[in-house]
Amino acid sequence: MDAFRIVGGHPLRGTVRISGSKNAALPILFSSLLGGSFSLSNVPCLRDVKTTLLLLEQLGLKISVRPEPLAESKGFDHNEPIWSDLLEISEGTTSPFEAPYDLVRTMRASVLCLGPLLARRKRARVSLPGGCLIGARPIDMHLKAFERMGARITIHHGYIDAETDGLEGSEISLPYPTVTGTENIMMAAVLARGTTTITNAAEEPEIVDLANFLVARGARITGAGTSTIRIVGVERLDPVHYSVMFDRIEAGTFLVAAALLGEEVTIREVESSPLSSILDVLKAMGAEAEIHTGAITLGAIRRPRGLSLRTLPYPGFPTDMQAQILPLMAIAEGPSSVVETVFENRFTHVMEMNRMGANIEIHGSQAMVRGGSRLEGAAVMASDLRASAGLVLAGLIAEGETEVRRVYHIDRGYEAIEKKLEALGARIKRIQEDSP
Ligand code: EPU
């Protein structure tokens with residue numbers, strides 16, 4: 001298994017290109033099950049994207065990546081996309097409708113095939129995703145919405161079986177603004193008969209990106225990015241070329257790295273507005289950010305100040321940045337606290353950070369950070385994607401050597417993070433666990 005070996009304390013300087021967004025690319029890729037053909041650029045080269053492509057191929061789609069992934073052929077340039085930009089997807093000649101357990105269990109976002117399969121093939125058999133380390137993560141809201149739209153759903157032997165004679169537009173009021181739930185319903189509604197209105201919809205920028213992509217294909221969607229989305233069904237979707245939005249969580253992770261250790265770090269290929277809540281928190285902790293067109297420059301905060309925050313659905317501070325902000329809080333002057341309101345068990349990284357010298361106590365859904373700690377390198381274990389990123393950031397600021405184990409989690413959602421950090425001056429190497 002791969003691990004990262006990090007020697008902490010080295011300053012970061014330079015420019016880093018932020019990759020395409022994982023959480024925008026995945027629903028856009030799954031929407032290919034709605035039929036027709038299209039091409040995409042700025043798709044990040046990630047394990048979750050590869051899993052999605054594998055699943056889509058099993059569901060009968062034809063996919064080509066052009067040219068072949070550069071990382072394997074020409075080596076890595078941190079300022080260029082790893083996949084030289086073009087992914088083409090079209091329908092094949094068969095129409096299977098089953099998403100098997102072996103793939104779904106490795107990636108919960110596989111449930112995003114349900115809406116488009118029902119809409120286009122009128123049938124879907126999808127392994128029920130189990131709980132995961134960060135929470136139980138049920139998909140009851142997705143299923144209730146599909147039932148309201150005219151699907152018959154049963155669950156047997158760990159599989160969701162769904163079928164319909166044709167989805168009907170409906171009024172869907174979500175009890176919570178679920179992100180993939182909103183995306184799944186939006187995709188199903190695009191080909192449904194009549195109008196669907198989603199109220200209390202999630203407002204994340206990735207939902208807006210999916211809507212922009214579908215609208216470019218001829219879908220009729222208004223209100224994406226607000227809490228009410230209206231979709232009028234169409235017969236079919238047109239071909240299009242589309243470029244996926246930047247990854248705001250990768251961007252946020254590099255901003256925190258810069259706040260910890262940056263002499264001057266510029267992240268490029270970004271926009272500041274989807275990063276507002278992250279920038280606001282960094283500014284409140286003492287950062288001075290320069291916003292340019294398509295780029296943001298930030299340097300280390302000399303004397304970071306502690307603060308209290310809650311993770312919230314967009315436009316609030318993202319749960320996907322909670323693990324990464326903790327190392328900054330750990331070294332800040334004064335106490336901080338984080339209330340995690342989105343997932344019930346997303347503090348698994350805290351024990352590992354405490355082993356590195358942080359002083360963080362968990363009380364239910366709240367992490368109380370004492371502040372003023374000096375972190376020391378240690379061998380630590382990553383338990384999920386964002387937790388791994390938090391531990392890498394802790395390793396960058398820690399004195400001495402840190403080994404972050406099980407970094408396969410980080411490869412699900414960060415494109416060559418160690419190479420990007422190394423290009424900025426960090427001492428970080430990918431190694432085999434336990435290698436000398
Ligand atoms: N929930 C339900 N029932 C449902 C759906 C959700 O109870 O039917 C609950 C969940 O258990 C959770 C809360 O609602 O407590 C929010 O879940 P949501 O459905 O919004 O999360 P998600 O769609 O499963 C997406 C991202 C996550 C990100 C969350 C919150 C993708 C592929 N995943 O998950 O990203 O943390 O929204 O912003 O877009 C990550 O990238 O590391 C990641 C976990």
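Me: How many salt bridges does the structure hold?
Reply: A salt bridge is a side-chain nitrogen of Lys or Arg within 4 Å of a carboxyl oxygen of Asp or Glu. This is a predicted model with residues numbered from 1 along each chain as its sequence is written, and local features need pLDDT of at least 70, side-chain atom pairs count only at pLDDT 80 or more, while totals for chains, interfaces and linings use all residues. Side-chain values use heavy atoms, with hydrogens and water left out. By the rule just given, the number of salt bridges in the structure is 23.

Me: Which parts does the salt bridge of Arg-125 and Glu-98 tie together?
Reply: The side chains of Arg-125 and Glu-98 meet with N and O 3.3 Å apart. Strands (E, at least two residues) and helices (H or I, at least four) are DSSP runs numbered from the N terminus. Because Arg-125 lies in residues 123–127 and Glu-98 in residues 98–99, the pair ties together parts 27 residues apart in sequence, namely strand S7 and strand S6.

Me: What area is buried between domain 1 and domain 2?
Reply: The domain bounds, which come from an automatic or database domain assignment, are 2–19 + 303–432 for domain 1 and 22–243 for domain 2. Contact means heavy atoms within 4.5 Å, and 29 residues of domain 1 are in contact with 27 residues of domain 2. Buried area is the accessible area (1.4 Å probe) that two parts lose on being put together, summed over both. Carbon and sulfur atoms give 57% of the area between these domains, which is about 2,300 Å².

Me: Which residues of domain 1 lose the most area to domain 2?
Reply: Three residues together account for 31% of what the side of domain 1 buries, and they are Arg-17, Tyr-314 and Arg-412.
One of them also takes part in a salt bridge, in which Asp-48 and Arg-412 have their closest N and O atoms 2.9 Å apart.

Me: Which residues come nearest to the ligand?
Reply: A residue is near a molecule if one of its heavy atoms lies within 4 Å of it, and 20 residues are around the ligand. Oxygen atoms of the ligand lie 3.0 Å from a polar side-chain atom of Lys-22, 3.1 Å from one of Asn-23 and 2.8 Å from an N or O atom in the side chain of Arg-386. Those that come nearest are Asp-140, Thr-178, Thr-180, Asp-320 and Val-342.

Me: Which peptide bond is cis, with omega near 10 degrees?
Reply: Most peptide bonds are trans. Pro-315 lies in the loop between strand S18 (308–311) and helix H11 (322–331). The cis bond is the one from Tyr-314 to Pro-315.

Me: Where does Glu-269 lie?
Reply: Most residues other than glycine have a negative phi. Glu-269 is not a glycine, yet has a positive phi of about 70 degrees. Its place is the loop between strand S15 (262–268) and helix H10 (276–284).

How values were computed: A polar contact is a pair of N or O atoms within 3.5 Å; within protein, one must be able to donate a hydrogen and the other to accept it, and residues adjacent in sequence count only if both atoms are side-chain atoms.
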